[in-house]
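Subject: Structure handover

Hello,

The structure is placed below, together with its sequence. Please look it over before reading the notes.

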Amino acid sequence: MSEEKDLPQYARVVIIGGGIIGCSLAYHLTELGWSDVVVLERKQLTSGTTWHAAGLIAQLRATRNMTRLAKYSANLYGRLEVETGMATGYRQNGSVSVALSAERLEEFQRNVSMARIFDVEAHMLTPDECMEKYPLLNPEGVTGGVWIPQDGQGDPTNITYALAKGARNRGAQVFENTKVTGILKNEGRVTGVMTERGAIDAEVVVNCAGMWARDVGEMAGVNVPVHAAEHFYVVTEGMDELTRGMPTLRVPDEAAYYKEDAGKILLGAFEPIAKPWGMEGISESFCFDELPADMDHFMPILEKAINRMPALETTGIATWFNGPESFTPDDRYLLGEAPELDNFYVAAGFNSVGIQSAGGAGKALAEWIVAGEPPFDLWDVDIRRMQPHQNTRQYLYERTGETLGLLYADHFPYRQYASARGGRRTPFHNQLEKLGACFGEYAGWERANWFLPKGEQAQGRKAEYEYSWKRQNWFEYARQEHMAVREKVGLFDLSTFAKFRVEGPDAEAVLQKVCANDVAVEPGKIVYTQWLNHKGGIEADLTVTRLSETVFLIITAPAVHVRDLTWLRRAMPPEARCIVTDVTSGEAVLAVMGPNARDLLQSLTRDDLSNEAFPFGTAREIEIGHTKVRAHRVTYVGELGWELYISADFAHHIFERVYQAGQSFGARLAGMHVLDSCRMEKGYRHFGHDISDEDHVLEAGLGFAVGLDKTPSKFGDFTGREAVLRVKQEGIKRRLLQFKLATPEPLLFHNEPILSDGKFVGYLTSGNYGHHLGASMGMGYVPRDPEAKVSALLEKTYEIEVAGERIPAIASLRPFYDPKSERVRS
């Protein structure tokens with residue numbers, strides 16, 4: 001490589017890390033014309049994790065865009081050899097995954113349905129067909145399987161060197177044995193790096209440092225929550241039974257995969273309880289290092305493997321391998337511009353799918369860097385989803401012992417993490433726990449997802465999940481909570497929602513620039529709005545409450561806390577006389593929702609809560625008990641109700657008052673699952689599922705929240721206005737519809753294919769059961785003729801495919817529940 005040369009004093013982009021992702025990024029940046037790129041590797045290319053990766057290249061991922069990136073990786077590796085003259089070892093030999101339970105089989109069936117709409121060829125297999133595809137398989141206990149013919153494998157080291165060569169051919173420089181010792185920055189922007197051999201000034205710095213990414217992040221003041229874990233595999237001696245080109249075999253119920261390579265079997269594992277590694281730091285000399293073998297740890301996997309592939313019983317083990325790989329808290333890699341530092345990007349934490357992800361991730365990040373914005377919706381892996389506390393060493397250590405095994409665990413809906421729990425709690429947590437709450441983790445918060453009724457508690461039952469693809473053990477409890485919200489009143493803990501206080505003489509002008517809707521309203525008014533990008537895509541979906549002439553309060557979802565705060569701060573003109581303060585933890589929020597909400601709250605306050613005195617979409621202080629709370633008349637469940645914003649020190653007091661008084665009005669505690677099922681009936685959108693930065697606000701049916709006629713602020717028209725006007729004139733080419741299944745039994749979650757007049761046209765962005773309406777509900781985009789009326793979409797017949805079965809569905813442009821919002825405004 002170029003290690004003998006002097007380091008340049010300047011580079012447009014400096015990439016830290018010479019593994020497959022760093023080299024992929026360099027390759028794609030130079031392909032886009034950015035030739036002034038420098039890759040810095042602390043030791044030798046691939047010497048961290050890449051060199052010992054298994055090299056499996058699968059195509060079907062959990063979402064459309066992740067699948068899109070994985071497919072691109074496969075196509076790239078297939079053509080690199082011709083382009084660079086370097087062999088990559090890539091071949092498409094297909095994969096067979098077998099199920100050993102009915103639950104796993106349904107997961108496979110749902111995945112195959114999803115594959116159809118993601119343009120991945122996949123076929124369900126009977127047990128006999130599994131044997132035909134993989135004759136060495138012991139079919140004992142096999143319930144079925146999946147065949148994906150375009151899956152493949154490659155040589156990770158050779159692919160990396162081919163990518164590096166392609167980048168160097170277009171002007172990039174690669175320096176090995178060059179450790180980065182510091183990150184240079186000025187006024188919130190990265191300006192370069194310091195190395196053992198001197199400094200390099202740079203416009204952009206990218207952290208592709210693998211299991212060192214957290215340490216590099218600390219140099220920059222950036223949270224990069226990754227932690228290494230020991231990853232085990234064995235390589236057998238030669239086996240006459242093997243044939244070249246055999247498909248990869250996966251047996252996730254036994255936590256194992258089998259890869260044929262040069263007449264041998266590589267048997268790897270993603271065991272349920274993994275071994276975190278590197279808690280005390282990584283040796284300075286680490287370079288192509290192996291970790292000590294742990295035969296006792298791997299033996300349960302091997303014993304099951306010998307039963308599953310009997311030919312292994314008479315085959316020797318040539319290699320016992322153990323090497324570190326880095327994992328994130330949610331098993332999804334980290335990509336994008338760091339929220340803490342402008343022009344400092346991250347691509348790290350690839351959770352044992354780095355080879356299949358690197359091509360697509362490198363391309364996507366290169367396009368992001370060049371354009372200054374993501375090329376499409378990358379929220380699944382966007383680093384802004386991470387919360388600061390998730391970067392602590394103890395949290396990462398505890399979580400990493402679980403995340404490795406979750407790669408092959410049953411991917412049940414609503415599955416909750418078992419590790420690193422209980423740290424971030426709302427002020428109501430202990431009270432809800434005593435009242436039967438079953439908590440889940442969301443954005444690092446403990447949230448009450450559902451409640452075990454008192455009668456069930458008295459019988460000794462515990463508020464714990466029993467997972468399934470069918471109706472889970474809490475389904476009936478959620479139905480009761482849901483019906484209480486619809487018929488009486490429900491109480492929700494919404495304290496986890498993010499709260500940003502925007503204040504100053506220019507606060508209104510800043511928000512008028514950022515918000516699509518008109519926020520130049522009277523104090524006490526609540527405005528529902530989106531923040532748009534220049535394409536009209538939705539960057540945020542939230543409410544803005546005007547508290548005074550110069551003070552506004554933004555309320556947004558917990559998962560987008562960091563994302564939205566970062567977007568706002570970066571969108572604020574530097575000359576604006578305005579500050580933003582994160583006040584999330586300062587107030588608890590108790591939502592009182594349902595037809596009895598007014599009567600319940602009126603029994604606790606002398607303030608007038610009548611419709612005339614306190615209309616929908618307003619907020620003001622009211623007195624309850626020993627304090628004042630700020631009541632917001634707004635809803636995410638589609639009912640009359642108020643959200644009570646309570647100073648955290650009075651949270652217990654207000655909860656006691658409201659809960660006790662509520663017993664006379666049929667009040668019931670309700671969890672987040674019911675918040676979601678109610679919003680599905682009402683057709684309320686959910687950011688990250690139904691709407692994203694690549695979904696145009698008009699396609700999402702949210703044009704009513706766009707203030708095209710509002711007066712421009714001193715900082716100009718709101719971002720995205722021109723894109724909204726353009727699409728309004730041209731007509732939308734697709735539209736978000738709501739669906740209700742015609743039969744009550746099937747369950748919808750997301751990604752189920754939508755068929756229109758018998759043809760696949762889209763997929764569900766979200767789904768849940770509508771207990772009041774008596775069927776599963778879903779949302780999804782379908783194509784539309786811009787010349788036709790939007791209502792023409794409803795003239796078609798629709799079906800939703802659920803685990804291979806097509807279910808008739810009713811489509812609607814309006815909410816199925818209370819379409820005129822009469823209950824909300826009553």
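The notes below cover cores, a pocket, a cavity and aromatic pairs.

This is a predicted model, in which local features need pLDDT of at least 70 and side-chain atom pairs count only at pLDDT 80 or more, while totals for chains, interfaces and linings use all residues. Residues are numbered from 1 along each chain as its sequence is written, and side-chain values use heavy atoms, with hydrogens and water left out.

Cores

A nonpolar core is a set of buried Ala, Val, Leu, Ile, Met, Phe, Trp, Tyr and Cys residues joined through side-chain atoms within 4.5 Å; buried means under 20% relative accessible area, exposed over 50% and partly exposed in between (1.4 Å probe, protein chains only). The largest one has 49 residues, and Ile15, Tyr77 and Val206 have the most contacts inside it. Among the elements giving it two or more residues are strand S1 (10-16), strand S11 (198-207) and helix H8 (354-371); helices (H or I, at least four residues) and strands (E, at least two) are DSSP runs, numbered from the N terminus. H8 supplies the largest share, 8 residues. A separate core of 36 residues includes Ile16, Ala202, Leu291 and Ala338.

Pocket and cavity

On a 1 Å grid over the protein atoms alone, a cavity is a set of points where a 1.4 Å probe fits but cannot get out, and a pocket is an open set with protein on both sides within 12 Å along at least five of seven lines; lining residues have an atom within 4 Å of a point. The second largest pocket has 22 lining residues, with Glu337, Gly372, Trp567, Arg570 and Ala571 nearest its centre. Helix H14 (561-571) is one of the elements giving two or more residues to this lining, and its share, 5 residues, is the largest.

The largest cavity is lined by 18 residues, of which Tyr414, Trp474, Phe475, Leu747 and Asn768 are closest to its centre.

Aromatic pairs

There are 28 aromatic pairs (ring centres of Phe, Tyr and Trp, its six-membered ring, within 6.5 Å; planes under 30 degrees apart are stacked, over 60 edge-to-face, the rest tilted). Phe614 and Trp642 are edge-to-face, because their ring centres are 5.7 Å apart and their planes at 75°. Both residues are buried. Tyr636 and Tyr684 are stacked, at 5.9 Å centre to centre and 10° between the planes. Tyr636 counts as partly exposed, at 24% relative accessibility. One aromatic cluster includes Tyr414 and Trp474.

Regards
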